[in-house]
Amino acid sequence: MDLKLTCASTSSHISCPHCEATFTIKRNMYQHIRKYHPEKEVHKVCNQICGLCNLKFRTMKELLDHIKSDHTDINLEYENKVFTSKTEFEHWKEMMEQNTQSSFIISSSKKAVKEGIASYYQCHRSGRSKIKESRKRNVKVAGSIKCGITCPAYIKVLEKVDQIEVECQSVHVGHKTEVGKLPLSKTEKTHLANLMKHGVPPTKVLSEIQKDYTPSKRLCITNSQDLRNIRRDFGIDKDVMLDKNDFVSVDITVRKLQAEPGNPVLIYKQINEELLQYPGICKSDFLLGIMNSAQLKMLEHHSNCIMIDSTHGTNQYGLNLTSVLVNDNNFEGFPVAILYSSKLTTETFAAFFSCIKERLPNLKTTVFMSDDAPAYYNAWCCVFGEADHHLLCSWHVQRAWFKNLNSKVRDPERRGKIKSELLKILKEVDILTFERLSDACISDYLLHDETRAFGEYLTTYMQRKKQWAYCYRTYLGINTNMKVERWHRQLKYEEAGGTVIKRLDKSLHLVLTAVGKKLMGQIISVERPKLTSRIKEIRNKHEMSKFMADYELYEIKPKQAWIVSRSQKGLIHTNNVYFEKHCNCNIRCHECDICIHQFVCSCIDYSVRFQICKHIHYVCSVCDIDSATNVCSEEDDLVIDVSQNDERIEEHYAITQEMRRKEHSDFEKEKEEWHAEFQFLTSQANTEDKKQKVREFLKTLRASFATSEKLPPIPSSSECVSEPVNKFIKHQRRAMGPQFLFMDDNAPPHRTVTVEELLESEDIEHMDWSARSLDLTPVKHVRNLLGRPVGARNLSPVTIPKLRLVLQEERAAVSQQLINNHISSMHK
């Protein structure tokens, strides 16, 4: 009678078909049949499939014999090697895989044999793919790496005390050589991981390795997914991804930040939590605001101009990232606060601004720049009051105009004419001229049916002309919100490498890293002034002033005021230049020896874009600048602004303290992590049962600290139960074969539920042992037989691998007669 070997049954009573014996699992029954009914054959499953004829075999040896005898055109190549170290073997294996464009993976765990420790490697494409029924992802487009048959290529390794013996069959059968289905080698993965650990962006890594493209090299076709897998396997992001659950990881990070000196967390609200002090915030909203002490100091000293805008695409949950920026000493945008929020509402920003006001109560601003969304300014007015000037970004204004124009005016030629008229109205710096042009254009649009709808829209928009017209923002030093856009572009493309940021904890880490770079840039710019975009533009204007031969210069007030005029197409264009004041700021033209505040011009480049225009350069090149700047009174002489220097010293100190704060010792960081984690756990103790557990834990911890120097730590009961005492029993069972019988001394740790479940899952037959038995288990005799000679050695083994090999040697030296004598001495 043939019986097929199947999975272990869950039935509690399984009877032998040939006798009355019963078993709890089928595998014990099959072992019983082999031992007591050898004439009854048990059918074996044949998993070794020939890739040439699809015949199935029970073992690899049978498959190799079949290929030799039936497929004589295949020449199997065997090779024997001897290595002195594992490193030497791994190097040979990697070089062999590269030369043959193959890969070998270990097929089973290492087994202890008489000669040493044996391990078996097979071709990585050998076998069939096992797709789980619970699999959620789709099957790969390229299909499985497994080819569905058994490849005869293998490597058999035998580790001895002083050498490693290798037997290799390197001929692959049944599949093609496909570089795309090879894994990266260990050396290649380590190299790529080191690059990313040192901060090389993934896009840069890919571009470098793809320069030397070779069709036979797996490294050359590495993609972004490979790099993400390497980051995961090498734990490059372990300091960022503190938990598999994204929001748990963010919560741990936030609590760490809250435990830091200065607490950079402005506001933090998780989903399904309530903020009673802000009733306008819904329970389903998410809020996370960040501003450290250095950012607070920058906001305090540079609050004359506030820029704010939001962006998306920084996480997979649709949370918006809102950034608040100010102009630093170089007139570049500096982020002073950030906010992650699920909504862009007045209530959301009012809560955010209120938290800023708690840290900076007297904050006032001259200019508030935002896009066309009213939520930003409405929230600012509710918290800080109205600013002197509320400006809309001119780029957003143009986008809104042109979008509305395209939907209301169908004629392309008419649309082009209106666009040029709109730009002329927008960029007019004289108020009277602006009023005249706008009234004329709107009247014309309202007269025609085709443009009447757009004329009505523009009439409504003119009610907010002081927010967008150039003539109402002259000499305010700002025109667009591009500094915020540049900051968001830095986050997405420089820090994130142009890839979509899915996890929120990674997005938060990128933002904090970018803020740290900005802070460091402030310190560097003091010691080593950099070439900013504004300085570049000043130099371009200086070069343009050299080609102004057709311009005329009239001095209106000696050494104080000039008119620069030019005649073009019958029209005379004039610009007024005035000497304003002495200044010693960094934004200057070194060739003219003037700064950006020293002269004022009526042209759009200076009055709106805040640049040293070509007209000022032209005046400095024609006039004697030294005499022009020395006619001032004694009160106007060049004086170093002490208050400004004090502010820079305070900023430098705040930034330095913020950077030093991150340089805690590893132990201090670990203690902070303990504190944050314990604070999180205690916050979850919202029931009496949980509170009691916290009290018991604290009591146990105090007692442990009090006796830590006297007693070794005692494992908890859960730790004792979670892992079987003999965790290597599975490997021992494989080494002994199907006749393996497990016997123990009936100790409580050997009879736990975990041990019983393990034995049942591995189909291990457990010998019954009566309680309080007087018989000594044979394992104790074996322990004595091996322990005495090992202890008598001159050089005792100091590592586990050496101890394993020594025990194997002593076990081989034990005679069978000695073992039989011990067995015969036992009570029957």
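Biologist: Is Val 790 buried or exposed in this predicted model?
Modeller: The model is predicted. Val 790 sits in helix α28, residues 778–791. Its relative accessible area is 10%. The cut-off for burial is under 20%, so Val 790 is buried.

Biologist: How far apart are the C-alpha atoms of Val 790 and Leu 807?
Modeller: Take Val 790 of helix α28 again. Leu 807 is 17 residues away from Val 790 along the chain. The separation of their C-alpha atoms is 7.4 Å.

Biologist: Now the whole protein chain. What share of its residues counts as buried?
Modeller: The chain has 30 helices and 27 strands. It holds 828 residues. The share that counts as buried is 39%.

Biologist: What share of the accessible surface belongs to carbon and sulfur atoms?
Modeller: The accessible surface of the protein chain totals about 48,700 Å². Carbon and sulfur atoms hold a share of 52%.

Biologist: Among contacts with a separation of 6 or more, what part comes from residues 24 or more positions apart?
Modeller: The count covers contacts in the protein chain. A contact needs heavy atoms within 4.5 Å.

Biologist: Which backbone nitrogen does the side chain of Gln 169 reach?
Modeller: Gln 169 belongs to strand β12, residues 164–169. At 0% relative accessibility, Gln 169 is buried. Its contacts beyond four places in sequence are Leu 76, Glu 77, Tyr 78, Pro 152, Ala 153 and Tyr 154. The side chain reaches, at 2.8 Å, the backbone nitrogen of Val 171.

Biologist: Next, helix packing. How are α13 and α14 oriented to each other?
Modeller: Helix α13 covers residues 431–447 and helix α14 residues 449–461. Their axes are 6 Å apart, at an angle of about 140°. Angles over 145 would count as roughly antiparallel. The two helices are therefore oblique.

Biologist: How many residues of the contact of α13 with α14 are charged?
Modeller: On the α13 side, the contact includes Ile 442, Asp 444 and Tyr 445. On the α14 side, it includes Asp 449, Arg 452, Phe 454 and Glu 456. Six of the contact residues are nonpolar and three polar. The charged ones number four.

Biologist: How many residues in the contact of α7 with α17 are nonpolar?
Modeller: Helices α7 (residues 246–259) and α17 (residues 504–527) pack at about 35°, with axes 8 Å apart. Among the contact residues are Phe 247, Val 250 and Leu 257 of α7, and Leu 504, Leu 508 and Leu 512 of α17. Two residues of this contact are polar and two charged. The nonpolar ones number six.

Technical notes:
Residues numbered from 1 in each chain as written. Predicted model: local features only at pLDDT ≥ 70, side-chain atom pairs only at ≥ 80, totals over all residues. Heavy atoms only, no water. Axes fitted to C-alpha atoms, helices over the stretch in contact; angles between N-to-C directions. Helix = DSSP H or I, 4+ residues; strand = E, 2+ residues; numbered from the N terminus. Nonpolar A, V, L, I, M, F, W, Y, C, P; charged D, E, K, R; others polar. Parallel < 35°, antiparallel > 145°, perpendicular 65-115°, else oblique. Buried < 20%, exposed > 50% of the residue type's maximum accessible area, 1.4 Å probe, protein only. Areas by Shrake-Rupley, 256 points an atom, 1.4 Å probe, with all protein chains shown as cover. Polar contact = N/O pair within 3.5 Å; in protein donor to acceptor, adjacent residues only side chain to side chain.
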